[in-house]
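Q: I would like to go through this structure term by term. Please set each label against its definition.

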Amino acid sequence: MRQAVNRATGPDHQRVRYVLIGVTVAITLLVVVTAVGVGLATSATVYDDDVDYWIVPETDGASSPLIDTDGPSFGEAHTTAAELEEYSGVEYASPISTRVLTVEHADRSEYVLVIGAINSPGIGTIAGVDAETLPRTDPETTSGEVVLSETTGALLEAAQTDTVTIEGEEFSVTAVDEGSATGSTVPVVLMPLSDFQALTESGDVADQFVVGTNDPGIESELEGLYDQSTVQSRAELTASETVDADVPFALSLTAFIVSVVIGTLFVLTMMGLELVRERPQLRTLAAIGLSTGSQVRLIAVQTLLLTALAGLLGGVLGTLLTIGINELAAGWLTSGPIAVAHPALVAYGVVAALVIGVVSLPGLVIMVRRFTRGVPQ
Amino acid sequence: METGSPTRDDHAGPTPVVRATDVTKTYTRGSEPGRIGRALGRTSPPEVTALESVSLSIDRGEIVAISGPSGSGKSTLLHHLAGLAVPDSGTVTIAEENVGSLSRRARTRLRLEHVGIVFQHFHLVDSLSARANVALPLVELGVPTADRRRRATALLEELGLEDRVDHRPGELSGGEQQRVAIARALVTDPVLIVADEPTGELDTETGERVLEAFQRATDEQAVVIASHDQETLAIADRRLRLRDGRLQSPAESVVR
């Protein structure tokens, strides 16, 4: 331990400090990319098993009913929803709009996914929250009422009949859906679309439409509804959901592999140069009777301690950087955090750094075995 | 002063600590040419005979000095007597173990248990204190920490370094560093001490002090010293002179 600390801090061990810095940087980037990946993976979607078709605007990127698209919207939402319900075979239809907004109750304030929808008979749940608890007054008038998901109720400590404030407007909680659950624990507030439009001053627009039907032939009619739109069936969405879920995972996995490769090359190069420099010392220790195995153990312990320390530093720095990125994103780009800053990421950084240390060991062992041969001059 | 010979086979005392018999060592200067090199007409590099049929034995309590011009094979002989190298022909026996028949690991263990080595350039571990440097071989022997500290401290005190035990090599003078190196060589209580130019890096006065300490501390051991320095050679019971890898005979001997 003393040797490792001395190596890292001693004036003659610049390369060891480079190892510390290099691995720290690699782990910092790994933690940030993973935090963003986890953030993407756990962001909520308004998928729902009850919905058969989603009508979403065409965009340059992937078209999917993701939340908070900040993309193009559909106009005349209420009129179109009414038309859709007239279609033969359509059981229910509702325009959906989403936005992440600040919701306050008592002294608590949270970013919450606010969803505007129409309580169309048979619609079931939207984003895991029972939409049939919404007032049926929509689309005619605003109601001033909202339904909270279980997570939102817990976060805000709000219960039925309480009043919550969303962007300065007060709403009465008609229900806290105790059985609500989305793919993640993202907090949701469900409100009538008219209330949502009034709150956001967005006019009669919607981000997407959800349509329930048992008639497969309806898809072509839905496609003709808006010129620049895409209709996704549940089967298509299941596929895209899989892709959507895999992308953050692939991102995190790639970051892990790249970090381990770069970190290992860094450790091998710098520690290798350090061992070359210390070749006389290694030979001396062998000459006075220290076995190669002992010297290998010494180098292994030093390498693992060094990488673990770098992992800890990288984990902490990465987490702080993630918090900073979230602050920046909230202030400039999005209305909510885009990455997950969790203490577990620090532990992840240490584990990843230890992997770098372990992967580097065989190369270092070979060098030590070679360098302990011969006689010190 | 008495006349002696490199080997003391007629000596009727106990088994010598170290014995070299007809030791020959040849080095190749450069590398052998590969297949392409040979095809291009490269010839094998010249061979240099570093030691030729060298025989000697050293008893417990005896100090033997080896002198000779540069390139005469002093260091090579010392490496063989310390078990750091294996002869091409002939045998070297340390504490009744034939070095040539041992594996690399077994030779390392033999050095740890029976040989103490003092280098010209000290070769201390910079990041460790004087005491930790001295105690290093005891770590390998599995000696408990408290015992290691006690033995290392006692040796450093014996060598006049009681106020330097916690200093690192960079904080010590050349003479102090060499005394730490001597303490490290003695800490396992070896039967043989091998010293290569132990005063080569020191000024005259410091060298004398180091030699005094060295003499005091090595009463019980067999000691081999290679040196050019007359002051160093003067402490020897026997002086052997090497020239072109051969021991000159008869060797000059002195009584301590």
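Q: What makes strand S7 (residues 192–196) and strand S8 (residues 222–226) of chain B a pair?
A: Five bridges join S7 to S8 in chain B, and the two run parallel. Strands are DSSP runs of E with at least two residues, helices are runs of H or I with at least four, and both are numbered from the N terminus. Two strands pair if DSSP finds at least two bridges between them. Five bridges therefore meet that cut-off. One of the positions involved is B:Val194, whose bridge partner in S8(B) is B:Val224.

Q: How do you know how far to trust such details?
A: The model is predicted, so local features need pLDDT of at least 70 and side-chain atom pairs count only at pLDDT 80 or more, while totals for chains, interfaces and linings use all residues. Residues are numbered from 1 along each chain as its sequence is written, and chains are lettered from A and ligands numbered from 1 in the order in which they are written.

Q: Why are S6 and S10 of chain B called edge strands?
A: The open sheet has six strands in the order S6-S7-S8-S3-S9-S10 (chain B), with mixed pairing. S6 (115–118) and S10 (246–247) each have a single partner strand, so one side of each lacks a neighbour in the sheet.

Q: Which strands stand at the edges of the four-stranded sheet of chain B?
A: The order there is S2-S1-S4-S5 (chain B), with antiparallel pairing. S2 (47–58) and S5 (97–98) stand at the edges, because each has a single partner strand. Inside the sheet order, S1 (residues 18–28) and S4 (residues 89–94) of chain B pair antiparallel over five bridges. There B:Thr21 has B:Thr91 in S4(B) as its bridge partner.

Q: What is B:Val194 in contact with, beyond its neighbours within four places in sequence?
A: The list is B:Leu78, B:Leu81, B:Ala82, B:Val115, B:Ile117 and B:Val224. Contact here puts C-beta atoms, placed from the backbone, within 7 Å.

Q: Why is helix H2 of chain B called mostly covered?
A: Eight of the eight residues in H2(B) (residues 74–81) are buried. Buried asks for 20 or more other C-beta atoms within 10 Å of the residue's own; 12 or fewer is exposed, and in between is partly exposed, with C-beta atoms placed from the backbone. Among the buried residues of H2(B) are B:Lys74, B:His79 and B:His80. Just after H2(B), B:Gly83 takes a positive phi of about 80°.

Q: What makes a set of residues a nonpolar core?
A: Its members are buried Ala, Val, Leu, Ile, Met, Phe, Trp, Tyr and Cys residues, joined through C-beta atoms within 7 Å. The largest such core has 108 residues, and A:Val23 and B:Val194 touch the most other members. Helix H2 (residues 14–41) of chain A gives its largest share, 13 residues. Another core of 45 residues lies apart, with A:Phe74 and A:Val147 among its members.

Q: How do you know that the span of H10 in chain A is close to expectation?
A: The expected span is 1.5 Å times one less than the number of residues. H10(A) (residues 344–371) has 28 residues and reaches 40 Å from first C-alpha to last, close to the expected 40 Å.

Q: Where is the kink in H10(A)?
A: A kink of about 40° lies at A:Leu361, shortly before A:Pro362. The bend is the angle between axes fitted to the seven residues ending at a residue and the seven starting there.

Key. Contact = placed C-beta atoms within 7 Å.
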